Amino acid sequence: MNILRFIIIGFIGNLPLKAFAECPNWLNQTFRQLHSTNEISLCEQFANKPLLIVNTASHCGFTHQFSGLEALHQRYKGQGLAIIGFSSNDFRQEAASEEKAAGICYENYGVTFTMMAPISVKGQNAHPLFKAIASKSQTPSWNFNKFLVSADGEQVIHFGTSISPTSQQLNSAIQSLL
């Protein structure tokens, strides 16, 4: 039994990521984490997982949603959901430095889900990830728009700023993808 397990694990361990499932091109991107030099490839880190992608800002009236997002993370991380916050100053409400933004996220709100360094999420300068999200759903109209992405990347469901991370609507949608 142990020999067979070793052979199977050894064989699977040498297969490329694409052998398990194709990662959609629009998700095949690498981002730098907030206030870090560490880079994360969405396809390598979050392959075959539903994602909740959120555009965030640390000085927004909705910044308190970090607490609800962290509660979602704690509730669903064991079931496969990955939450990824993308810091952005497109609505002119992000901290002046990544250090300050990280302090608000990590120290003030206890965020442990993945937070990325600032990018543009709307307009001509929007990062290709958010251009793809807009083509599948809509462009963020304010901070804390939530985009629930199916594990295969085919479905993107939008939840606006005013939808709380702890809302039954969002939780039901998450459960349907798990």
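**The disulfide and the fold around it**

Analyst: The torsion about the S-S bond of Cys-23 and Cys-43 is about -60 degrees, so this disulfide is left-handed. The model is a predicted one. In it, the two sulfur atoms of Cys-23 and Cys-43 sit 1.6 Å apart. A search of the whole structure turns up one disulfide.

Where are the two ends? Cys-23 lies in the loop between helix H1 (2-13) and strand E1 (30-32), and Cys-43 lies in helix H2 (residues 42-46), so the pair ties together parts that are 20 residues apart in sequence.

Is Cys-23 buried or exposed? Cys-23 has a relative accessible area of 19%, and buried means under 20%. So Cys-23 counts as buried. Cys-43 is buried too, at 4% relative accessibility. Cys-60 is buried, with a relative accessible area of 8%. Cys-105 is buried, at 2%.

Cys-105 leads on to helix H4 (residues 98-108). There, Ala-101, Ala-102, Gly-103, Ile-104 and Cys-105 are buried. What covers them? The cover over the buried residues of H4 includes H3 and E5. After H4 comes Gly-110, and its phi is positive, near 65 degrees.

Now to the sheet. It is open and has five strands, in the order E5-E4-E3-E6-E7, with mixed pairing. Strand E5 (114-116) and strand E7 (156-159) stand at the edges with a single partner strand each, so one side of each has no neighbour in the sheet. From one strand to the next, the twist averages 20 degrees.

Strand E4 (residues 82-87) and E5 run parallel, joined by three bridges. Ile-84 stands opposite Thr-114 in E5. Helix H3 (residues 65-76) packs on the sheet and touches strand E3 (51-56), E4, E5 and strand E6 (146-149). The direction of H3 makes about 165 degrees with that of E3. Helix H6 (residues 168-177) lies across E3, E6 and E7. H6 runs at about 20 degrees to E6.

Next, the aromatic rings. How many aromatic pairs does the structure hold? The structure holds six. One of them is Phe-86 with Phe-130, an edge-to-face pair with 5.5 Å from centre to centre and 85 degrees between the planes. Phe-86 belongs to strand E4 and Phe-130 to helix H5 (residues 128-136), so this pair ties together parts that are 44 residues apart in sequence. Phe-86 is buried, with a relative accessible area of 0%. Phe-130 is buried at 1%.

Phe-130 also pairs with Phe-147. Their ring centres are 6.4 Å apart and their planes stand at 80 degrees, so this pair is edge-to-face. Phe-130 is in helix H5 and Phe-147 in strand E6, so the pair ties together parts that are 17 residues apart in sequence. Phe-147 counts as buried, at 0% relative accessibility. Which residues make up the aromatic cluster? Phe-31, Phe-86, Phe-130 and Phe-147 form one cluster.

Terms used: Residues numbered from 1 in each chain as written. Predicted model: local features only at pLDDT ≥ 70, side-chain atom pairs only at ≥ 80, totals over all residues. Heavy atoms only, no water. Disulfide = S-S within 2.5 Å. Helix = DSSP H or I, 4+ residues; strand = E, 2+ residues; numbered from the N terminus. Buried < 20%, exposed > 50% of the residue type's maximum accessible area, 1.4 Å probe, protein only. Pairing = 2+ DSSP bridges. Axes fitted to C-alpha atoms, helices over the stretch in contact; angles between N-to-C directions. Contact = heavy atoms within 4.5 Å. Phe/Tyr/Trp six-rings, centres within 6.5 Å; stacked < 30°, edge-to-face > 60°.
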